[in-house]
Amino acid sequence: MLSAANKTAVSRSIAPWLLTIALLALLGACRDSSNTGALSSQPSVVATVNDRPVSTKLYEMYLKNGQDALGIDVSTDEGKRKLELLREGIVSELIDRVLIAQEAERRGLSISPEEMQRAEERTAMQFGGEKQYDEYLARHHLSREEYRDVIRWELYGGKMRDELAKEISIADDDVKRYYDEHKADAALQLPERVTASHILVAARPNLVRMQLEREKGLAGDALEKAVREEMDKRRARAEELRRKAQAGANFAELARESSEDPSSREQGGELGAFTRDSHPKAFDDAAFALKPGAVSQVVQTDFGFHIIKVAAHEIARAKTLEEAAPEIRRQLMGARLAAHLKEWLAGARRSAKVRINEAFRFGSLKQEFPAM
């Protein structure tokens, strides 16, 4: 998580609705238990974006959370370099968030009082509740109204993302072209799977041992003998169920009547489709060796004795175009939307009237925007 946060926090090209700053806020809520100290002596405004001010308090909140989340050690040269990048990234993204909110307002995308209330309630829940939310704000010298700017930015970001997505379309030919170029990729492969049901006779030796100790007061060799005998009884019960299943008894009814697996018993023992390594090795080995319709021998695992019936066995294969199309379409839409958002933001930054206070003109921001 931290490496991902590191990449996003310092990248000026990442769109605000990817929630870099929101992530830093929530990381801070989880990690920051200490008071942030006295209010900063820096100017109260980081920048103005088309004459709208950006609060220094919010900048300092994100900076504190970012330093903690990324573990930046400012006593080292590398730490100082990362801190400079983090500062630049936060200022840059705060500017972007204001630009997005302004564009949303220009397009008439409003936030209703009910939306705002629900969003603030969700925010409080993410912080652990109303009390923790207020404590977090107090540590950062913020009122709820001041923090509502963050919530508004996120809501406007979602609305603008949806608006810009309407300007993008993915043609069927685009999906087909991607499929033809990537159908050998791991993401477009379906692994070998079986669809199976089972009946379990529970038989964990340690639990059997504890039960016999408690109920019969056995110990030593007498206890071990009793454990072996009980395990043999339970295996015999499983063998009897297997014989009934192989003789043509309804497997689902047998499972509902006799299986001791509470998670599947009421479904007639159905486990659905699964890949290898979904269950203990002995179970999977037996299931994948069966032909559809066949019933296994009794299989012992740490859970007890199983009787398995396989309904279908699918070999590993590439997804068909029809199967892969929904995910391909989502991937293409995501990539094109990200590029569209980045391009839109670049244009918005060029045409906006942005004035950054000299104390916050870090890195390339000095060249991009003139001093206040």
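Predicted model: local features only at pLDDT ≥ 70, side-chain atom pairs only at ≥ 80, totals over all residues.
The axes of H5 and H7 cross at roughly 110° and come within 10 Å. Because angles of 65 to 115 degrees count as roughly perpendicular, H5 is placed roughly perpendicular to H7.

Glu-120 belongs to helix H5, which covers residues 113-126. With a relative accessible area of 11%, Glu-120 is buried, since the buried class takes in values under 20%. When neighbours within four places in sequence are set aside, the contacts of Glu-120 are Tyr-133, Arg-144, Arg-148 and Ile-151.

From H4, the contact draws on Leu-94, Arg-97, Val-98, Ile-100, Ala-101, Glu-103, Ala-104 and Glu-105. From H7, it draws on Val-150, Trp-153, Glu-154, Tyr-156, Gly-157 and Met-160. By class, nine residues of the contact of H4 with H7 are nonpolar, four are charged and one is polar.

H4 has a further packing partner in helix H13, which spans residues 321-351. Here the axes are 10 Å apart and the packing angle is about 95°, which makes H4 roughly perpendicular to H13. Ser-92, Asp-96, Leu-99, Ile-100 and Glu-103 of H4 form this contact with Trp-344, Leu-345, Ala-348 and Arg-349 of H13. The contact of H4 with H13 includes five nonpolar, three charged and one polar residue. Ile-100 and Glu-103 of H4 take part in the contact with H13 and also in the contact with H7.

At the level of the whole chain, the model contains 14 helices and nine strands. The chain has 372 residues, of which 40% count as buried. Among contacts in the chain with a separation of 6 or more, 71% involve residues 24 or more positions apart. The accessible surface amounts to about 19,900 Å², and carbon and sulfur atoms contribute 51% of this area.

Ile-356 is located in strand E9 and counts as buried, with a relative accessibility of 0%. The C-alpha atom of Ile-356 is 8.7 Å from that of Lys-366, a residue 10 positions away in sequence. Ala-359 occupies the loop between strand E9 (354-356) and helix H14 (365-368). At 34% relative accessibility, Ala-359 is classed as partly exposed, because this class lies between the limits of 20% and 50%. Ala-359 and Val-45 are 314 residues apart along the chain, yet their C-alpha atoms are separated by 9.9 Å. Apart from residues up to four places away in sequence, Ala-359 touches Gln-42 and Pro-43.

Positive phi values were also considered. Asn-50, a residue other than glycine, has a positive phi near 50°. Asn-50 is situated in the loop between strand E1 (45-49) and strand E2 (52-55), and is partly exposed with a relative accessible area of 34%. Asp-277, likewise not a glycine, has a positive phi of about 70°. The position of Asp-277 is in the loop between strand E5 (270-275) and helix H12 (281-289). The relative accessible area of Asp-277 is 75%, so Asp-277 is exposed.

Definitions and conventions. Residues numbered from 1 in each chain as written. Heavy atoms only, no water. Contact = heavy atoms within 4.5 Å. Helix = DSSP H or I, 4+ residues; strand = E, 2+ residues; numbered from the N terminus. Nonpolar A, V, L, I, M, F, W, Y, C, P; charged D, E, K, R; others polar. Buried < 20%, exposed > 50% of the residue type's maximum accessible area, 1.4 Å probe, protein only. Areas by Shrake-Rupley, 256 points an atom, 1.4 Å probe, with all protein chains shown as cover. Axes fitted to C-alpha atoms, helices over the stretch in contact; angles between N-to-C directions. Parallel < 35°, antiparallel > 145°, perpendicular 65-115°, else oblique.
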